[in-house]
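Student: Could we go through this model together, taking the ligands one at a time?

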Amino acid sequence: MMDQIIQHLKKSKHVLLASHTNPDGDAIGSLLALGIALDWLDKKIFLFNESPIPAVYRFLPFIERIEHEIPATLEFDTAVILDCGNIQRIGKGSPAACRIPVILNIDHHITNNNFGTCQLVDTKACSTAEIVYRTIKKMEIPINSAIATSIYTGILTDTGSFRFSNTNKSAFAICEEMIGCGVNPYEVAQHVYGTYSLGRIRLLNLALDSIEISTNGKLSMMTITQEMIYETGTNSEDIDGLINYAKRIEDVKVAALIQEQKTDSNQSTGLKTFHVSLRSDGTFDVSAIASAFGGGGHSSAAGFNIETTLEALKTQIIRLSEKI
Ligand code: 5GP
Ligand code: MN
């Protein structure tokens, strides 16, 4: 699979690279790393992510190259879709991406639906950044400090700083090599984890206060409403990582974070859209639950979107605890 992907990349002239909406460090890091590498090969590249770039990742090199719209006038011969279980995960760019003749699917999600012309899906990889690293090495593209910082940030954040169950030997080996290529680990950590806005800390307070536990103590649920976001002057990027507080509670096996989305509530039905994030301690496959709701992810980290009422959703989630 790797060889086919590389052949396509070598033949390509104008490449669209895209990763999932509400990007995390891996979605941004893998997008930038492969983008910079293809730029070095003198390919014409266009980097796309639908969402605004979270403040903590704005220090990354070439971050200003990421665009949030795909102009209809552009014609691409190749698309590279990164860190997405399905092509719709890139959001409003997906119809344009679907029309591109060659679509390369590079990902590490267990729920990947094998979309595209060619797939490089490795569910054992700690991150998409790990797969991008291997691709760049195989193409014999030199790893400069910009590529190295992007790969390092992808691995650091997707492994929860080498703590999550996807942390593997290559996470450490690649990060060590990236430090040799010019990454300053302290600087990256300061940007990503070291400085939070006051609003983000206040949101943490409200989030902790919202935690509810199932009767058997095995499931925790945290809720973030639009009102909390408004009250603290924060936005969705400030929610990143909050679920880990619910997950680390003693005896909890599955944690759920309900996030009310910004959309106006449906006037006629009174329904709202929510994103639900799920995490497990590794003893329970949450990707199966997420898939049942039309989402996906990994066995210990998954998510889905749903249109319902908050009360109904909470009842549905708490009920999941009966199966744990
Ligand atoms: P989070 O809950 O932090 O948004 O995502 C956890 C994991 O589940 C990530 O790997 C993410 O890519 C995946 N995930 C979250 N929401 C969805 C979704 O709606 N569809 C799919 N296929 N995967 C999702
Ligand atoms: Mn990832």
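Tutor: Before we sort residues by class, note that Ala, Val, Leu, Ile, Met, Phe, Trp, Tyr, Cys and Pro count as nonpolar, Asp, Glu, Lys and Arg as charged, and the others, Gly among them, as polar. Bear in mind also that this is a predicted model.

Student: How many residues in the shell around ligand 1 are nonpolar, polar and charged?

Tutor: There are 14 residues around ligand 1, and Arg89, His109, His275, Ser277 and Arg279 come nearest. Sorted by class, the shell around ligand 1 has 2 charged, 3 nonpolar and 9 polar residues.

Student: How far is an oxygen atom of ligand 1 from a polar side-chain atom of Ser277?

Tutor: For Arg279, an N or O atom of the side chain is 2.7 Å from an oxygen atom of ligand 1, while for His298 the corresponding value is 3.4 Å. For Ser277, the polar side-chain atom lies from an oxygen atom of ligand 1 at 2.6 Å.

Student: Which residues coordinate the manganese ion (ligand 2)?

Tutor: Along the chain, the donors of the manganese ion follow the spacing D-x56-D-x24-H-x49-D. Asp26 lies in helix 2 and Asp83 in the loop between strand 4 and helix 3, so this pair ties together parts that are 57 residues apart in sequence. At 2.3 to 2.4 Å, the coordinating residues are Asp26, Asp83, His108 and Asp158.

Conventions
Residues numbered from 1 in each chain as written. Chains lettered and ligands numbered in written order. Predicted model: local features only at pLDDT ≥ 70, side-chain atom pairs only at ≥ 80, totals over all residues. Heavy atoms only, no water. Donors = N, O, S within 2.8 Å, 3.2 Å for Na, K, Ca; no water. Helix = DSSP H or I, 4+ residues; strand = E, 2+ residues; numbered from the N terminus. Near = heavy atom within 4 Å. Polar contact = N/O pair within 3.5 Å; in protein donor to acceptor, adjacent residues only side chain to side chain.
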